[in-house]
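Open the model in a viewer and keep the selection tool at hand. The tour below goes from stop to stop, saying what to select and what is there.

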Amino acid sequence: MSFEIDLRHQIGEREIALTLQSEARLTALVGVSGAGKTTVLNCIAGLIRPDAGRIAIAGEVLFDGDEGVDLPPEKRRAGYVFQDARLFPHMKVSANLAYGERLARARKAMIDRAELIELLGIEALLERMPSTLSGGETRRVAIGRALLAAPRFLLLDEPFASLDADRAETIRAMIEQVRDRLDVPILLVSHDSDEVGRLAGRVVELD
Amino acid sequence: MLGLSDMEWAIVGLSLKVSLVAVLATLPIAYALAWLLARRNFPGRLVLDALVHLPLVVPPVVTGWLLLILFGRSGPIGGWLENSFGLTLVFNWTGAALAAAVMALPLMVRAMRLSIEAVDRRLVGAARTLGASPWRAFVTITLPLSMPGIAAGAMLGFARSLGEFGATITFASNIVGETRTLPLAIYSGLQLPGAEEQVARLAIISILLSLAALLASEVLVRRSAGGRAHVL
């Protein structure tokens, strides 16, 4: 089972509850904005502690409220591509890419660095600072940074948001490549079920 | 050299030594306090915040008096330092440095705290998901991104130390060659008839030193932040 998620989390007045079991290589989590999709991703990545529940991915338990299991983010090995990318502003693109890669050096890389840079089309950006990149470039670098950290699973938060149709199509093609070539379960969050239809083996609604 | 007499050089040298030691010794303490106040919620945080800021609002002579009680030869900390390490702070340049450090601390903490608060915590979260331990995320993200605040805090602390008067004269006294820094030398000159020229020269030196410290830190911060941050 790729994703086995059962969690409850209260933020202010809003109660977020999700039960999800999926074997698909790419699972899409769809819901209107404000439904708590990003909160779910943060719980999975270990950035937020859910009030209760259990999260297991590819057979490993990351969180279990009853058993007292709560791995810190650095032990979960999430390849988290944030909607706002969160590239480190004081590091060049190459240093951003190397950040997780260096920390993961003991593990087996899932993809060769040069191959990934070519796949994402970011060779020309390596010496640039993040503040000089366009939205599409920023997102491609963020995907590269997450993949080079040898993640056990990928979390993609609205990967097509605020991109024009051409750029969104490029990113979509890249995600397809990653899905088909790398052995890593992907959870993709989107507000629009139309844009994930072609990609996802399984679509789950979050109310 | 530069038209300064030996005596003036001695005063300038002592002032620089006292201020430099005060700032360097306070830097890690100030940064740790700034980080605690910016990033952690704990019981007594408000009290710690108030204590750090106390030297800013209490009359300096009172701060000096408190230092005398705590760090004097018969004081609880001063007595222990003297018995254990043979270290005397009163009537000593190290005492002047301690007084300057305590007075500079609030300014340093304020500048550093602002810059730590300005570092996006979500970047720290991103570093953690990429495999960084909390300590590593701090060293690679929070620390470099708050560097302008560290430089600004160090500069403010240095300038404050150069000008420190009340706590120093109360705690470390006004001893030629030992604790008579620039402000104390200017004060002493004002007590003597016919030393007007001496006072004016020392005052000009004092202004130039402060200006140099200000400009140096501005250049430093601009360069380290790639022109995106400034002190002034």
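Select helix 1 of chain A, residues 37-45, in this predicted model. Helix 1 of chain A lies across strand 1, strand 2 and strand 4 of chain A. Its direction runs at about 115 degrees to strand 1 of chain A.

**The antiparallel sheet of chain A**

In chain A, five strands in the order 2-1-4-5-6 make an open sheet with antiparallel pairing. Which strands stand at its edges? They are strand 2 and strand 6 (69-70) of chain A; each has a single partner strand, so one side of each is left without a neighbour in the sheet.

Next, select residues 3-11 and 14-22 of chain A, which are strand 1 and strand 2. Nine bridges join the two strands in the antiparallel sense. Together they form a hairpin with two residues between them. Click on Gly12(A) in the turn: its phi is positive, about 60 degrees.

On the other pairing of strand 1, select strand 4 of chain A, residues 52-57. Strand 1 and strand 4 of chain A run antiparallel and are joined by six bridges.

Phe3(A) has Ser22(A) as its bridge partner in strand 2 of chain A, and Ile57(A) as its bridge partner in strand 4 of chain A. Leu7(A) stands opposite Gly53(A) of strand 4 of chain A. When following side chains along a strand, keep in mind that in a regular strand they alternate between the two faces of the sheet.

**The parallel sheet of chain A**

Move to the other set of strands. Another open sheet of chain A has five strands in the order 7-8-9-3-10, and here the pairing is parallel. Strand 7 (78-81) and strand 10 (202-205) of chain A stand at the edges; each has a single partner strand, so one side of each lacks a neighbour in the sheet. From one strand to the next, the twist averages 20 degrees.

Select strand 7 of chain A together with strand 8 of chain A, residues 153-157. These two pair in the parallel sense over four bridges. In this pairing Tyr80(A) has Leu155(A) of strand 8 as its bridge partner.

**Where chain B touches chain A**

Show both chains. The contact takes 16 residues from chain A and 13 residues from chain B. On the side of chain B, the elements that give two or more residues are helix 6 (121-129) and helix 7 (134-145). Which of these gives the largest share? Helix 6 of chain B does, with six residues. By type, the residues on this side of chain B divide into seven nonpolar, four polar and two charged.

**Two helices of chain B**

Keep helix 6 and helix 7 of chain B selected. Their axes are 10 Å apart, and they pack at an angle of about 140 degrees. The two helices of chain B, helix 6 and helix 7, are therefore oblique to each other. Helix 6 of chain B passes helix 7 of chain B in a right-handed crossing.

Finally, show the side chains of this contact:

- From helix 6 of chain B: Leu123(B), Val124(B), Ala127(B) and Arg128(B).
- From helix 7 of chain B: Ala137(B), Thr140(B), Ile141(B) and Thr142(B).

The residues of this contact between helix 6 and helix 7 of chain B divide into five nonpolar, two polar and one charged.

Technical notes:
Residues are numbered from 1 along each chain as its sequence is written. Chains are lettered from A and ligands numbered from 1 in the order in which they are written. This is a predicted model: local features need pLDDT of at least 70, side-chain atom pairs count only at pLDDT 80 or more; totals for chains, interfaces and linings use all residues. Two residues are in contact if their C-beta atoms, placed from the backbone, lie within 7 Å. Ala, Val, Leu, Ile, Met, Phe, Trp, Tyr, Cys and Pro count as nonpolar, Asp, Glu, Lys and Arg as charged, and the others, Gly among them, as polar. Axes are lines fitted to C-alpha atoms, for helices over the stretch in contact, and angles run from 0 to 180 degrees between N-to-C directions. Angles under 35 degrees count as roughly parallel, over 145 as roughly antiparallel, 65 to 115 as roughly perpendicular and the rest as oblique. A crossing is left-handed if the near helix is turned anticlockwise from the far one by less than a right angle, and right-handed if clockwise. Two strands pair if DSSP finds at least two bridges between them.
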